[in-house]
Amino acid sequence: MGTRQLELEVMRYDPEKDEAPHFQTYSVPCNEDWVILDAINYVKDNIDTTLAYRWSCHMMVCGSCGMMVNGEPVLTCKTFVRDLPDKVRIEPLENFPIERDLVVVLDDVMQKLHQVQPYIVRKDEPPEDVEYKQTRGQLMKFKQLTMCINCMCCYAACPQYGLNKDFIGPAALALAHRYNLDNRDQGKSDRLDILADHDGVWECSFVGACSEVCPKHVDPAAAIQQMKVDGAVEFWKQRLGIPGDKS
Amino acid sequence: MSRRPYVREMSKTTWYMRNGRYRVYVLRELSSFLVAFYVFLIIYALSVLAAGSAVQWNSFLASQQGVGMIVFHGLALLYFLFYQTFPWFKLAPKAMPIQVGENKVADSKIIGAHYLVWIVVTAVIFWLAGVI
Amino acid sequence: MAIAKKAIVWGLFAAGGTLTSFVLPALIALFLLVATGNVPENLQFVQIHAFASSWLGKACLFVVLFLSVWHAAHRLRVVMHDFGIRKDALVANAVYTVAAIGTVLAAFYLLAIS
């Protein structure tokens, strides 16, 4: 198995010692089938045990290992070294405060995910003694949006979030849309306050970077545009007194 | 262990130079200047028409001729096609997903339909103008 | 449960964007043709004046101009924000005022053609 010497330029930041983040370079012998997370693990195991970073499943389902690799927000367990040049710059996810080294503070998005009420909201009683019925067609309406693993690469890519931290952001909005499209849910009007606010869907200018970087192909940009269309139509329905979507 | 999160400031004025994706986005948005330009150019043409004189209209048409105009309108046409019309068509399926039964209609079908409509609309405008 | 007023301008922006994407290339092509000296037959004074005098012609032209100018205005507002000009209320008022002026001028001249 061939090995390749990669030069990792890693951003370091120790809140107790450093004024500001700085780069530290490590030379790592990589197997050709490695992902960049393997190289980072090699650094931690063999070169510098003080390096702090998040990772878990190593198979693109947990969403923990998001980082900037050569300026792109990616899952490090999904980025193969064979697709990278010899010099690799690794930084914590853009647009988030740095806790330490490659670990970012995710409190803001955690709070936003919570804000959109990401669960089935019922106004009627749930069906008695039977399960909710959902056809495959009804499921396919929103299935793509369920694939989000909360890796927050979309927030790192979104320039509107970078410009305005009050923007609800791609993942939270896509999650809201996932529930709005679910036929079991009746909470659309509850979520409207957040979504229709000017820091909700309207702050998005359809750059589309979020969908391009999403490792699970959730396509949050599409979800947001659909909510804008919906919001624009609902606005006039409300003004004209046409009964809107009460669910 | 004390926490002191470090906030990296993003330049509010030059962030779009950071990568190709952002640069293309800004060029796309700047096509709005062209739209505004042509709107006011057409309004100006209407004001000449409203004066009701064929002489004034012909003089307006004459003022629109020349190499400079050819270059400008030619470049504007290319810019608008590649930074507005074609990107808009490509993004249309995202804003208007159509589901038939269990499956989404393929993006390519929706984009194809847009091109078809565009060709028809262009043909109609050219026919109205007496070009074809 | 108020949907932000942005829903209105966004609706105009989206409609205008769709319309300009389909219609503006052909219109620019007409200007290009005129620039080469080949003025299409129906852009000669008598024909274009007749078209703009008809109610159908006026309606078509007004819809195109109205949606296009509001589309451009909203987009310019967003672009200013993207360029770091953060006084959104000021920018919004400025661009929408220009769009309103464009709307009024378009209506005025269209009505004046008879």
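This is a predicted model: local features need pLDDT of at least 70, side-chain atom pairs count only at pLDDT 80 or more; totals for chains, interfaces and linings use all residues.
1. A helix has an expected span of 1.5 Å times one less than its number of residues. Keep that in mind for helix H3 of chain C, which covers residues 55-82 and has 28 residues. From its first C-alpha to its last, H3(C) reaches 40 Å, close to the 40 Å expected.

2. Now for chain A as a whole. Chain A has nine helices and seven strands. Along the principal axes, its C-alpha atoms fill a box of roughly 65 × 40 × 30 Å. Of the 247 residues in chain A, 45% are buried. Among the contacts in chain A with a separation of 6 or more, 66% are between residues 24 or more positions apart.

3. Where do the domains of chain A lie? The domain assignment gives domain 1 (3-104) and domain 2 (107-239). Taken over C-alpha atoms, the centres of these two domains of chain A are separated by 30 Å. Their contact takes 14 residues from domain 1 and 12 residues from domain 2.

4. The largest share, four residues, comes from E4(A). By class, this side of domain 1 divides into eight nonpolar, three polar and three charged residues.

5. Next, turn to chains B and C. In this pair, 47 residues of chain B are in contact with 47 residues of chain C. On the side of chain B that touches chain C, the elements giving two or more residues are helix H1 (20-50), helix H2 (54-63), helix H3 (67-95) and helix H4 (107-129) of chain B. Which of them gives the most? That is H1(B), with 15 residues. The side of chain B that touches chain C has 32 nonpolar, 13 polar and two charged residues.

6. Finally, chain B also touches chain A. This contact takes 22 residues from chain B and 28 residues from chain A. On the chain B side, H1 and H3 of chain B are the elements that give two or more residues. The residues of chain B that touch chain A divide into 10 nonpolar, five polar and seven charged.

Methods:
Residues are numbered from 1 along each chain as its sequence is written. Chains are lettered from A and ligands numbered from 1 in the order in which they are written. Two residues are in contact if their C-beta atoms, placed from the backbone, lie within 7 Å. Ala, Val, Leu, Ile, Met, Phe, Trp, Tyr, Cys and Pro count as nonpolar, Asp, Glu, Lys and Arg as charged, and the others, Gly among them, as polar. Domain bounds come from an automatic or database domain assignment. A residue is buried if 20 or more other C-beta atoms lie within 10 Å of its own, exposed if 12 or fewer, and partly exposed in between; C-beta atoms are placed from the backbone.
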